[in-house]
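Open the model in your viewer and keep the sequence panel beside it. We will go from stop to stop, selecting as we go.

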Amino acid sequence: MAIRIVPEHDIQRHSIAIAPLRLPQPRSLYRERAARLLTLAEGHAMADFLRFAARIAHHQDALVHAQPVALPDIAGLLTTCAAHELPPLSVDGWQRQPDWQALLDGLLERVRPDAGLPPAVQAAAERLAAATLAEREQWADALLAGDAAPVGPAAAPLLWAALSVYWSQLAAQLADYAAIASPDGQHALCPVCGSAPVASVVRIGDAAGLRYLHCSLCESEWHLVRSQCSHCDASRDIGYWVLDSEDAATRAESCGDCHGYLKLMRQDKDPAVDPVADDLATLALDALVEQQGYARTGPNPFLFGA
Ligand SMILES: [Zn+2]
Ligand SMILES: [Zn+2]
């Protein structure tokens with residue numbers, strides 16, 4: 001059963017400078033995600049699904065190292081976007097370079113012979129490999145707008161995996177944090193690419209105690225104070241839900257104003273938490289929070305069409 005627990009006091013140290021944005025580190029991120037998924041798969045009721053996701057994350061890691069993507073000179077664009085509070089690598093405004101199609105080809109070359117993947121995934125990879133560049137562009141446009149139907153549920157995670165490797169590599173090169181603005185009071189979408197967050201994470205280390213939302217596409221993280229809804233910014237009726245133990249590293253944060261929820265991972269409870277992996281390993285929590293009348297506000301890249 002789901003247990004609603006009392007929120008803890010906000011332990012943020014407001015005296016320190018808070019980085020508004022944490023850019024992704026794709027050269028280690030996918031490798032760590034693959035390892036985390038394999039750890040979570042041990043003894044898990046959905047072990048096969050978690051191992052499938054681990055294989056895809058493993059291939060994403062290989063792609064980052066084999067096919068680096070260079071960010072074009074966008075100094076002027078960054079200035080304009082910052083002035084108008086727009087995400088510089090917006091999913092609906094950024095002109096995707098052909099590199100992303102090459103990344104998709106690279107991914108499919110790894111997925112197609114991978115006997116560790118389910119036949120349905122390999123069939124989806126064959127279909128993507130046989131598609132024209134124009135078809136793939138149309139499917140990508142639809143998927144980035146939240147519509148997985150044109151590409152289909154089996155192929156959607158593969159398409160997204162390639163798009164994520166493309167966007168995360170670009171985002172990692174946006175070294176000028178100060179040039180990226182988050183619209184006042186709006187935290188629902190990534191300030192880098194405009195996608196919804198998969199979950200939020202309370203970090204340790206140099207950001208100890210600070211909560212960041214994690215982008216489902218470009219893997220950037222943006223700061224949001226704790227005990228505030230990441231979807232509508234209300235803080236009046238925030239609830240926390242866990243599955244079995246109040247000490248669980250993953251909890252769901254619900255909002256009585258917009259009736260949305262998103263999961264929150266506590267790195268101080270488990271340093272290895274990964275927003276995508278730990279979200280997939282706690283789908284039972286989704287079912288129970290949805291029974292309470294809340295609707296999820298951000299996607300998991302492995303659950304399109306689910
Ligand atoms: Zn993003
Ligand atoms: Zn809300």
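At what angle do the axes of H2 and H4 cross, and within what distance do they come? Before you select anything, some ground rules. This is a predicted model: local features need pLDDT of at least 70, side-chain atom pairs count only at pLDDT 80 or more, and totals for chains, interfaces and linings use all residues. Residues are numbered from 1 along each chain as its sequence is written, while chains are lettered from A and ligands numbered from 1 in the order in which they are written.

**Stop 1: H2 and H4**

Select residues 47-66 for helix H2 and residues 99-111 for helix H4. Helices (H or I, at least four residues) and strands (E, at least two) are DSSP runs, numbered from the N terminus. The two axes cross at roughly 130° and come within 10 Å. Axes here are lines fitted to C-alpha atoms, for helices over the stretch in contact, and angles run from 0 to 180 degrees between N-to-C directions. H2 and H4 are therefore oblique to each other. (Under 35 degrees is roughly parallel, over 145 roughly antiparallel, 65 to 115 roughly perpendicular, and the rest oblique.)

Now show the contact residues. From H2, pick His59, Ala62, Leu63 and Ala66; from H4, pick Leu103, Gly106, Leu107, Arg110 and Val111. Two residues are in contact if their C-beta atoms, placed from the backbone, lie within 7 Å.

**Stop 2: leucine 50**

Stay in H2 and click leucine 50. Is leucine 50 buried or exposed? Leucine 50 is buried, with 21 other C-beta atoms within 10 Å. (Buried takes 20 or more other C-beta atoms within 10 Å, exposed 12 or fewer, and partly exposed falls in between; C-beta atoms are placed from the backbone.) Leaving aside neighbours within four places in sequence, leucine 50 contacts Leu37, Leu40, Ala41, His44, Leu280 and Ala281.

**Stop 3: H4 and H7**

H4 and H7 pack at about 130°, with axes 9 Å apart. This pair is therefore oblique too. Look along H4 for Asp99, Trp100, Leu103, Leu104, Leu107 and Val111. They meet Leu158, Leu159, Ala161, Ala162, Leu163, Val165 and Tyr166 in H7.

Click leucine 159. Beyond four places in sequence, leucine 159 touches Leu104, Leu128, Trp139, Ala140, Leu143 and Val151.

**Stop 4: the core**

In soluble globular proteins, nonpolar side chains tend to be buried together. A nonpolar core is a set of buried Ala, Val, Leu, Ile, Met, Phe, Trp, Tyr and Cys residues joined through C-beta atoms within 7 Å. The largest one here has 87 residues. Select Leu158, Leu159, Ala162, Leu163 and Cys193: they touch the most other members.

**Stop 5: the domains**

Colour domain 1 (3-10 + 182-296) and domain 2 (44-177). These bounds come from an automatic or database domain assignment. Their centres, taken over C-alpha atoms, are 24 Å apart. The contact takes 13 residues from domain 1 and 16 residues from domain 2.

**Stop 6: one loop**

Find the loop between strand S5 (221-223) and strand S6 (238-242), and select serine 227. Serine 227 has a positive phi of about 60°, although it is not a glycine. With 14 C-beta neighbours inside 10 Å, serine 227 counts as partly exposed.

Move along this loop to aspartate 233. Its phi is near 70°, a positive value in a residue other than glycine. Aspartate 233 is partly exposed, with 16 other C-beta atoms within 10 Å.
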